[in-house]
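Dear colleague,

Here is the structure I said I would pass on. My notes follow below it.

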Amino acid sequence: MKDLLKLLDLSKEEIIQILNVGDQMKYNQKHGLTHNYLQGKTLAMIFEKNSTRTRISFETGMHQLGGHALFLSGKESQIGRGEPVEDTARVISRYCDGIMIRTYSQEGVEKLAEYASIPVINGLTDFAHPCQVLADLMTIREYQSKLEGLKMCFIGDGNNMVNSLIVGGLKVGMDVSVACPEGYDPHPDVLEFAKGVTDAQFTLTRDPIEAAKGADVVLTDVWASMGQEEEHAKRKAIFQGYQVNAELMKATNPGCLVQHCLPAHRGEEITSDVFEAHAGEIFDEAENRLHAQKAVLYLLMKENHLD
């Protein structure tokens, strides 16, 4: 694994390795064990999209690993003023040991990685959110003690989150069901990938209750993602039936988890009562961004393996 650009690039074994190292990182941090594996390393963090969890978790993660993180605003750096991404990649590669970028275009991230001589991590694009889904899988495994054979259900927009959830879930042996309105399906590349999976089942439906039947974990996300704010009123009308609520949860398996990548719009994609009933696992999920990303940073930026 040279970069983390999208989960489509990773094997099941690589995903499980990240989760295992993430578990170790969490254990180390909780038990006060020194784990400054990236002493003297610097991560450049490019933000063309706003962030709370991504910035805090990566910056804190680098600090806990003994390294340093640099915040680069897309508006304030030369990349925001039109410097070609291939030039930015080659310049940062002379100064730093890794790049994390949170932006719009997946193609831009792929091009950054093509020209960089250091690892590149996708902190979010309009196509994929691999770091979040690694944290989701880590949390599901913590609560359910396994991944293979479980059913994952996503209710809502066929956005970057569901693209990565479908790929990640199927690759680790989970059945995945998705309910979204017509015209808001996951990306065609992801649907094509799902067609070729033979050891897990994928279902796309317009019926949220049908999707939730027998689910072990239900996930959702906002109806209008960053960059879609002007569509909020339109999307709110279209997605009215695509809400994680008490009625939908009745269709799931006993002990079903709820996950939300946050921020949540209570009363829209999820009701307040369901959110609060599952707040413990939702905020464990948010915390696990830190531990899963530390695993990614370690695996990409450290030459030597854990002792």
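How much space lies in the largest cavity? About 40 Å³, where a cavity is a set of points, on a 1 Å grid over the protein atoms alone, at which a 1.4 Å probe fits but cannot get out. The count comes to one cavity of 30 Å³ or more.

This is a predicted model, in which local features need pLDDT of at least 70, side-chain atom pairs count only at pLDDT 80 or more, and totals for chains, interfaces and linings use all residues. Residues are numbered from 1 along each chain as its sequence is written, and side-chain values use heavy atoms, with hydrogens and water left out.

The lining of the largest cavity (residues with an atom within 4 Å of a point) includes Lys6, Phe127 and Asn163. Helix 6 (residues 160–171) gives the most to this lining, with three residues.

Strand 3 (residues 98–102) and strand 4 run parallel and are joined by four bridges; two strands pair if DSSP finds at least two bridges between them. Strand 4 (residues 120–124) is largely enclosed by the rest of the structure, because five of its five residues are buried (under 20% relative accessible area, 1.4 Å probe, protein chains only).

There are zero disulfides in the whole structure, a disulfide being a pair of cysteine sulfur atoms within 2.5 Å. The sulfur of Cys96 is 17 Å from the closest cysteine sulfur, in Cys131, which is too far for a bond. For Cys153, the nearest cysteine sulfur is that of Cys256, 7.7 Å away. Cys153 is buried, at 0% relative accessible area, and Cys96 is buried at 8%.

Regards

Methods: Buried means under 20% relative accessible area, exposed over 50%, partly exposed in between (1.4 Å probe, protein chains only). Helices (H or I, at least four residues) and strands (E, at least two) are DSSP runs, numbered from the N terminus. On a 1 Å grid over the protein atoms alone, a cavity is a set of points where a 1.4 Å probe fits but cannot get out, and a pocket is an open set with protein on both sides within 12 Å along at least five of seven lines; lining residues have an atom within 4 Å of a point. Grid points are joined across faces, edges and corners, and a volume is the space filled by probe spheres set on the points.
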